[in-house]
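Biologist: I'm new to this one. Can you put it on screen and walk me through it?

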Amino acid sequence: MTNDQCPMTNDEFRRYGYAVIDWIAKYLENVERYPVMSQVQPGDIRAQLPDRPPDDPEPFDQLLADVERVILPGITHWQSPNFFAYFPASSSGPSVLGDLLSSGLGIQGMLWLTSPACTELETHVLDWVAEMLGLPGKFKSDSAGGGVIQDSASSASLCALLAARERATGYETRRGGLAKHLVAYASEHAHSSIEKGMNIAGLGTDNLRKIPSDERFALRPDALQAAIEADLATGRTPCFVSAAVGTTSCGSIDPLVEIGEICRRFGLWMHVDAAMAGTAAICPEFRDIHRGLEAADSYCFNPHKWMFTNFDCDCFFVADRKALIQTLSILPEYLRNQATEAGSVIDYRDWQIPLGRRFRSLKLWFVIRSFGVRGIQERIRRHVAIAQQFAAWVVADPDFELAAPEALSLVCFRHRGGDAINQQIMDRLNQSGQLYLTHTRLCDKLTLRLAIGQTNTELRHVERAWQLIREASGSVA
Ligand SMILES: *Cc1c(COP(=O)(O)O)cnc(C)c1O
């Protein structure tokens, strides 16, 4: 690529590159000033875009100006410390820069051969992560298992489900064998991606059994066992259980020890989805959430939720990498190479759905090295502590109640006055732009969720949130 062929010379790239970094730094400095949830109406953004693409080149300054003028109003500010909706998509400077370097290198890491560093850094960083979270040794690369970065927990769970399908059918379904009698299990509070995975894997959403939960919203092992036995009695083949550590709805934790025992007894693949909560295990005092993980065949969590690594980054670990590879590998002639044939390298294309892959471990590596394990631990502890403080304020207020047991940095709560007033609190606050909250339904009641985890959220933000919530409920003059 020579300069006279490219719309941007190297010198211009350098100049505008600095300008973009300056723009991002200023944006992040001022992020608290914007309405957290975008206030635009459907179609508002498109109405400002020209119908046709430009025939002639446009100056870069104009592009950046349009980002500010057209795009920014349509942004919901996930990096605002007042973002408490869904689960966070936390980020940090080192992560953004790692991602930028990944774009700058512009590699595609489908095979070890197509950039050895992309594969080897990923393997190594995932071993670090396994160590940091105190995961069972079988998930490390020096065992029969190993880790891989996926774009999302949805993809990780789908890969687990596919491997479970194949293991249960002697690796025949992938060739066209029938998977008709296979059934899978998850709690009624499991993430919707498990159901979507059943659809995509060809097992069918009707064959996902949603197992009732107990009063703490955790899967009931007795109900799981009864469902498996009922399926066996009608000639079906149970193959997969997805257990959640930290459900999206309310942060509940399924009993891994009991589920593991059932999976072992009936020969089912046990997958553990810890998308949000998994990061907490970096602190030894929270490692309890993973009690029983030794029995799992696979495990995933999202550094792009609570480990300050910007989307997308899910860490997926399997105990038996052969099962995964045997499920997903296809070797066309044009990808054949000596390193692969010799079996001496990892080709991560065989560990995921797409062929191509980004150099995602770079940003995770930058985050871990820049924060240090201790730096990550400190933020996690801070988030959990302020969630506990918020929960204490809820408990102390006669108008409000907690709706679920404490769940690390997620607090589920509601006004005692019923669904209408809770809806009003949420709508008022989200429309005010001062903070952003979302909801769930627990025990058939509208329940507000305060999900803490944005990198820079501090006690003062949550203190203000509580004040605003009380004002919006009308309980403060
Ligand atoms: C957020 C979440 C998911 C989905 O995560 P993606 O990475 O967006 O696919 C899955 N499971 C749980 C428990 C979650 O909280």
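Modeller: We'll go through the ligand, the pockets, the cavities and then some backbone details.

Biologist: Fine. What am I looking at, and what are the ground rules?

Modeller: This is a predicted model: local features need pLDDT of at least 70, side-chain atom pairs count only at pLDDT 80 or more, and totals for chains, interfaces and linings use all residues. Residues are numbered from 1 along each chain as its sequence is written, and side-chain values use heavy atoms, with hydrogens and water left out.

Biologist: Which residues come nearest to the ligand?

Modeller: Ala153, Ser154, Thr248, Asp273 and Lys305 come nearest, out of 13 residues around the ligand. Being near means having a heavy atom within 4 Å of the molecule.

Biologist: What class are the residues in that shell?

Modeller: Three are nonpolar, eight polar and two charged. Here Ala, Val, Leu, Ile, Met, Phe, Trp, Tyr, Cys and Pro count as nonpolar; Asp, Glu, Lys and Arg are charged; the others, Gly among them, are polar.

Biologist: Which helices supply at least two residues of the shell?

Modeller: Helix 5 (153-168) and helix 9 (303-306). Helices (H or I, at least four residues) and strands (E, at least two) are DSSP runs, numbered from the N terminus.

Biologist: How far is the side chain of Ser154 from a ligand oxygen?

Modeller: An N or O atom of the Ser154 side chain is 2.5 Å from an oxygen atom of the ligand. For Lys305 the distance is 2.9 Å, again from a side-chain N or O atom to a ligand oxygen. A polar side-chain atom of His304 is 3.3 Å from a ligand oxygen. The ligand alone exposes 390 Å², and the protein buries 89% of that. Those areas come from the Shrake-Rupley method with a 1.4 Å probe.

Biologist: Which pocket does the ligand take up?

Modeller: The ligand's space is the second largest pocket. To sit in a pocket, a molecule needs more than half of its atoms within 2 Å of the grid points. On a 1 Å grid over the protein atoms alone, a pocket is an open set with protein on both sides within 12 Å along at least five of seven lines, a cavity is a set of points where a 1.4 Å probe fits but cannot get out, and lining residues have an atom within 4 Å of a point.

Biologist: How much space lies in that second largest pocket?

Modeller: About 410 Å³. Closest to its centre, among 23 lining residues, are Phe87, His191, Thr248, Asn302 and Lys305. Helix 5, helix 9 and strand 10 (438-442) each give at least two residues to this lining.

Biologist: And the largest pocket, what volume does it have?

Modeller: About 1100 Å³. Trp23, Ile24, Tyr27, Leu28 and Val96 are closest to its centre, out of 39 lining residues. Helix 1 gives the most to that lining, twelve residues. The lining divides into 23 nonpolar, 13 polar and three charged residues.

Biologist: How many cavities of 30 Å³ or more are there?

Modeller: Two. The largest cavity holds about 80 Å³. Its lining has eight nonpolar, three polar and no charged residues. Phe87, Met276 and Trp306 are among them.

Biologist: New topic. Where is the cis peptide bond?

Modeller: From Phe311 to Asp312, with omega near 10 degrees. Asp312 is in the loop between helix 9 and strand 7 (314-318).

Biologist: What is the phi of Tyr86?

Modeller: Positive, about 40 degrees, although Tyr86 is not a glycine. Tyr86 is in the loop between helix 2 and helix 3.

Conventions:
A polar contact is a pair of N or O atoms within 3.5 Å; within protein, one must be able to donate a hydrogen and the other to accept it, and residues adjacent in sequence count only if both atoms are side-chain atoms. Grid points are joined across faces, edges and corners, and a volume is the space filled by probe spheres set on the points.
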